[in-house]
Structure formats: C-alpha cells, structure tokens
Amino acid sequence: MNTNDIATMLAENYARALRLYPGQVIVDLRALRDNMRMLVSRVGQDVEPGQHAPEVMGVVKADAYGHGLLPCALAALAGGATWLGTAQPYEALRLRKAGISESRCHILTWLTSAPTTPFADLIDNNIDISVGSLDSLDAVAQAARALHKPARVHVKVDTGFGRNGFTPAGFNNALAKLSSYAHEGVITVVGQWSHLAVADSPDVPEFVDATDRQIQQFHEFTHRMCEAGVAPQIRHLANTAATLNRPEIRFELVRPGIGLYGYEPDPSMGTSQTYGLTPAMTLQAQLGTVKSVEAGHGISYGRTYLTPDNTSTAIVPLGYADGIVRSASGFDMQGTRHVDKPGGPVRVETTQGARILNVSGRVCMDQFIVDLKGNAEELGVHEGDTVTLFGPGRGVDYAEPTADDWAEAAGTISYEIMTGIGPRVPRLYRNAYEVLDDCDIAKLDAQSLI
C-alpha cells in the first residue's frame with residue numbers, strides 16, 4: 001500500500017469512528033515508543049564498566065492502562081522493552097496468541113489463584129508466573145509436572161506493602177518448597193520481586209524512610225534465597241517512580257507502568273515534561289445539543305449548578321457509563337446553598353481561541369453539560385464540534401487539559417481517569433505506520449488506525 005492509499009484509509013477510519021460513537025480515545029503510538037526509549041535510556045545511564053544495563057518491562061496491565069493491550073505492547077517493544085507485564089493471566093495469554101513469541105520478549109503475569117488460574121496454559125506458552133503463596137506454588141508445580149516442562153517463576157515477597165507475597169515470617173516454608181521443586185526440575189526460579197508503597201512521594205521524609213526500609217527488607221529476602229540455594233537470576237523492585245529517582249534499586253530489571261503512558265506517578269514529583277515524557281492518550285467528544293438558557297436555569301440532576309447569567313450550554317455525550325467519573329461534577333449553587341466546585345475541564349475551540357470550560361452540574365450516565373459562559377453563536381460553537389477532555393499538554397492554565405487535571409477535579413489519580421474509560425468508547429491509534437513494522441501492523445485491527 002503506497003503512502004497516498006494509507007492516508008486515505010486512515011482518514012476513512014477516522015470518519016467512520018465519528019459516525020459510530022460521539023467520543024474517542026486516541027492513542028499516539030509514537031509517544032508510547034518514545035516514552036519507552038526515554039526510560040530505556042535513563043536506566044542505561046551511569047552503568048559501571050563491564051556491567052549490563054537493567055532491562056525494562058513495559059507494564060501493560062489493565063488493558064495497557066486503558067490505552068489498548070496489543071497496540072501498546074507492540075509500541076513498548078518498538079521502544080526497547082524486552083519484557084511485558086500483566087496483572088491478569090488472560091492478558092498475558094492474549095499477547096502470546098497475538099503472535100508476540102517468547103523469542104521476542106519475556107512476559108510476566110502475577111495476579112493468580114491456585115484453584116482458578118490456568119497455570120498449564122501459562123507454562124505451555126512460556127509465560128513467567130509470579131508465586132506469592134504456598135498454594136499457588138504447589139499448583140504451579142503440579143501443572144509443570146503434568147506437562148513435563150519446568151515453570152519459570154518469580155518469587156513475590158512482601159517487603160511492607162501488605163498485598164501479595166511471602167512475609168518474612170512465612171518465608172522458610174516457601175524456601176523449603178522452592179528448593180524441593182527446583183531440585184525436582186518442575187520450576188526454575190527466575191526472579192525475586194516486590195512492590196513499593198510510597199516511592200512516588202520523595203518530598204515526604206517519612207515515606208522516604210519507609211521506602212528505605214522496604215529496600216532493606218528486599219535485600220534480606222535475597223540473602224535468604226541465596227542461602228537456601230535458590231538465588232534469583234534477576235531482581236525487580238523499581239516502579240516508574242523508582243526507575244526515575246532510585247537508580248540504586250534498578251537491579252537487573254525495572255517495571256515502569258504509568259511512565260510508559262507519559263505521566264509522572266504523582267504530581268509531587270513534577271510533571272510529564274519534568275522527565276521528558278509525553279502523554280499518549282487523548283479523550284475527545286463531539287458536542288450534542290447546543291442551546292441558549294436564561295440566568296438562574298438549573299443544570300442536571302439536583303440543581304447543583306444554576307447559570308449565573310444568560311448563557312448557552314452544550315451537551316458532551318460521554319457520562320459515567322463511559323468512565324467520566326461522577327466526582328468530577330461541577331457545582332455552582334447560588335444563594336443560601338452556595339457551593340463552588342469546578343468540574344472536570346473541557347477544551348472548546350471558539351472564535352476567541354481555545355477556552356477551558358468545566359463540567360456544569362452532575363455528570364449523568366451518558367452525558368454531561370458545560371456552561372459556555374457566553375452566546376454559542378458569538379463563540380462559534382455548534383453541534384458536532386470536537387472538544388478535548390484531556391490529552392498531552394501543559395495543563396488548564398494553557399488551555400491544554402491533562403488527565404492530571406481531571407484527577408484533581410475528581411479527587412483521584414490519573415491512573416483511575418485513564419483506566420476507567422469504558423469499552424464503548426473506541427480506541428484509535430495514530431502513527432502506527434511510523435512506529436511498527438508490517439508484521440506488527442498486521443496484528444492490529446486495521447480500522448482502529450487513523
């Protein structure tokens with residue numbers, strides 16, 4: 001297909017998507033690739049002569065943080081990732097079935113349950129498995145024994161997070177089983193790993209101390225594994241925050257998640273631009289009804305927003321069924337019940353330039369309303385206009401709203417904003433032909449490329 005044919009196809013795909021649904025998630029695969037390149041480059045800095053740089057895992061759990069599992073996995077690999085990570089085993093299996101072979105990258109999955117996880121399928125597909133309980137370790141060994149194929153396991157240790165993993169007190173029993181199963185040949189102990197609780201708060205001394213204690217505990221687990229004869233081949237502890245700011249714990253592998261998608265782990269660490277990251281996701285919608293209303297008109301359920309002046313309003317046809325969190329509603333009640341809470345920001349193009357408006361009143365199931373703060377005709381705002389809820393940019397002060405801005409309006413984090421966008425909002429992908437080779441392009445839904 002020549003360049004002109006590709007351009008025509010992409011334009012037709014975009015036009016089709018606008019007819020199918022009045023909102024779209026647009027993911028820039030070039031941004032994803034370049035974010036991964038930056039992370040790979042960062043962990044390659046300051047490596048001692050003769051030492052290998054840590055490898056980098058692209059964490060693509062939760063449908064790649066809402067961006068789309070397979071396209072993002074391929075973009076991460078194009079950027080230099082040599083591992084992929086999923087919480088749910090079915091996502092790891094999807095990646096293998098899509099044609100990402102073990103010769104191309106390792107895949108680790110970690111949220112398992114002894115009675116229900118298809119361990120045999122994981123082992124058969126050369127997927128690394130996290131074990132953090134005796135039951136899961138026994139189930140993995142049993143599946144491997146039946147297949148006559150050793151399972152590649154990563155030992156999850158609880159260093160203070162309180163979630164999955166073996167505790168220090170119960171680790172002797174785990175070590176005995178690990179040693180026995182390794183000697184039998186039904187498991188290969190590949191890795192040791194853990195999760196950090198507060199590495200994304202480097203401005204809080206108490207949290208820095210807590211991270212230091214987790215690191216020390218991690219080293220103690222390593223020592224005990226070595227003494228038991230099941231020394232890990234690789235260790236991984238660093239999430240995005242530690243990958244960026246804790247070079248001493250990059251070990252042999254790092255696991256950036258949110259950084260791959262272009263966001264800092266917490267605003268206290270700075271912004272995306274601080275680290276050379278570019279948000280990959282844009283959420284946009286096409287306006288529904290635009291109309292004029294008088295001053296004092298109630299907007300949405302509960303009359304929590306009353307228009308202060310004669311104005312125009314516009315419907316944005318996305319609601320909490322699409323992941324527009326209700327907590328991002330905007331209140332502006334007048335009189336004795338006065339409450340002033342800005343809702344989530346929306347960028348609207350007007351005859352006076354780009355303008356940030358906010359959710360006015362409560363978010364509904366399928367829609368929300370914005371007060372245009374003026375006459376729609378004079379502003380040049382009409383039904384069908386495309387507005388941007390968030391995307392790459394510098395924030396609302398520059399009329400460039402981000403997922404961080406929506407998180408602030410909703411009292412949550414950018415992770416929830418992105419992962420919560422519902423499946424009925426189509427995912428579309430830019431720059432696929434620049435980032436991916438023909439073989440990888442063929443793995444994708446051709447109609448999702450724009």
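A residue is called buried under 20% relative accessible area, exposed over 50% and partly exposed in between, with a 1.4 Å probe and protein chains only. The structure is a predicted model, in which local features need pLDDT of at least 70 and side-chain atom pairs count only at pLDDT 80 or more, while totals for chains, interfaces and linings use all residues. Residues are numbered from 1 along each chain as its sequence is written, and side-chain values use heavy atoms, with hydrogens and water left out.

Rings of Phe, Tyr and Trp (its six-membered ring) pair if their centres lie within 6.5 Å, and planes under 30 degrees apart count as stacked, over 60 as edge-to-face and the rest as tilted. The model has seven aromatic pairs by this rule. One of them joins Tyr65 and Tyr415 in a tilted arrangement, with 6.2 Å centre to centre and 35 degrees between the planes. Because Tyr65 lies in helix H3 (residues 61–65) and Tyr415 in helix H13 (residues 414–419), this pair ties together parts that are 350 residues apart in sequence; helices here are DSSP runs (H or I, at least four residues), numbered from the N terminus. Tyr65 is buried, at 7% relative accessibility, whereas Tyr415, at 24%, is partly exposed. Ring pairs link Tyr65, Tyr261 and Tyr415 into a cluster.

Another tilted pair is formed by Phe166 and Phe171, with 6.1 Å centre to centre and 45 degrees between the planes, and both Phe166 and Phe171 are buried.

How values were computed. Helix = DSSP H or I, 4+ residues; strand = E, 2+ residues; numbered from the N terminus.
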